[in-house]
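Work through the exercises below in order. Each task is followed by a solution in steps.

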Amino acid sequence: MDAGGSPRRAAWLEANAAFRAYVLAELEARGPLRSRDLEDRSAVPWRSSGWTDGRNVGQMLEFLWAGGEIAVSARDAGERVWDLARRVLPVDAPAVPAAEAERELARRRLRSLGIARPAGPGGSGVAVEVEGVTGQWVADPDLLERPFVGRTAILSPFDRLVHDRVRTLALFGYDYRLEIYVPAAKRRWGYYVLPVLRGDRLVARADSRADRRAGVLRVAAMHLEAGCGEDDAEAARLELRELADWLGLAEVVVERTVVSSD
């Protein structure tokens, strides 16, 4: 099985055939299970750029999920609980032809993004032009006429709005990267930087960490985008306060604010 279509993944699964069989057998006999309920019996560890090194059980589960053999049956405090796909999915439903399934997947992907390049997850989108942005785009037709009401939000680095860094740069002029694996001396923005959205603009980024011992959300630096003003900075600070409240932290400390000159 080539989960996800990657030869490297297929080779890893082949080298870990016994590990794969063990995971499926455990789910069959004891499932549903969390990743921590399973032993790491990998013969060959998975090597990546750093995100998934040392997470062989999690990686095996991801590949089995991508291949349609297992599925998420529930969540336990945000942690995924896995089971065999045939016990989770509606296997008695009529089979969907592959071409139709591909179209539906493309439609759902585009709906999650709103707008994309035609060569990407465009699917059945309609061609649109983005003012001030070159190139071709397609959009979800159901979203084109919908009224827009903006708000301020602090985004996860993996939020769909910023997940595709090239798309984010093209649409928002926002050059974003996560610098966890960049040596400290070479970081431009910080260790774990959270984008700040205000309305239809990405206005800032906050290098934040929770200091639970002191009960403080520490922001080593809040970088404001060029052209942003004090109202944007204040909106970002209010959202940081909301984040601190959600984390159960009593205080927010912004150590410095930097205004981009780009």
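**Exercise 1.** How many of the six residues of strand S7 (residues 193-198) are buried?

Solution. The model is predicted, so its local features need pLDDT of at least 70 and side-chain atom pairs count only at pLDDT 80 or more, while totals for chains, interfaces and linings use all residues. Residues are numbered from 1 along each chain as its sequence is written, and side-chain values use heavy atoms, with hydrogens and water left out.

Step 1. Buried means under 20% relative accessible area, exposed over 50%, and partly exposed in between (1.4 Å probe, protein chains only). Helices (H or I, at least four residues) and strands (E, at least two) are DSSP runs, numbered from the N terminus.

Step 2. Five of the six residues of S7 are buried, so S7 is largely enclosed by the rest of the structure.

**Exercise 2.** Is Pro 157 buried or exposed, and which residues does Pro 157 touch?

Solution. Step 1. Pro 157 lies in the loop between strand S6 (152-154) and helix H7 (160-163).

Step 1. Its relative accessible area is 1%, so Pro 157 is buried.

Step 2. Contact means heavy atoms within 4.5 Å. Not counting residues up to four places away in sequence, Pro 157 touches Val 162, Arg 165, Tyr 176, Leu 178, Tyr 192, Val 193 and Leu 194. Of these, Tyr 176 is 19 residues from Pro 157 in sequence and 8.9 Å away in space, C-alpha to C-alpha.

**Exercise 3.** Describe helix H3 (residues 56-66) and what covers its buried residues.

Solution. Step 1. Eight of the 11 residues of H3 are buried, so H3 is largely enclosed by the rest of the structure. Among them are Met 60, Leu 61, Phe 63 and Leu 64.

Step 1. The cover includes helix H1 (7-15), helix H2 (17-30), strand S1 (70-76) and strand S2 (79-84).

Step 2. Just after H3, Gly 68 takes a positive phi of about 80 degrees. In the loop between H2 and H3 lies Pro 32, which a cis peptide bond joins to Gly 31, with omega about 5 degrees.

**Exercise 4.** At what angle do the axes of H2 and H3 cross?

Solution. Step 1. Axes are lines fitted to C-alpha atoms, for helices over the stretch in contact, and angles run from 0 to 180 degrees between N-to-C directions. The axes of H2 and H3 come within 11 Å and cross at roughly 75 degrees.

Step 1. That makes H2 roughly perpendicular to H3. Angles under 35 degrees count as roughly parallel, over 145 as roughly antiparallel, 65 to 115 as roughly perpendicular and the rest as oblique.

Step 2. Phe 19, Arg 20, Val 23 and Leu 24 in H2 meet Asn 56, Val 57, Met 60, Leu 61 and Leu 64 in H3.
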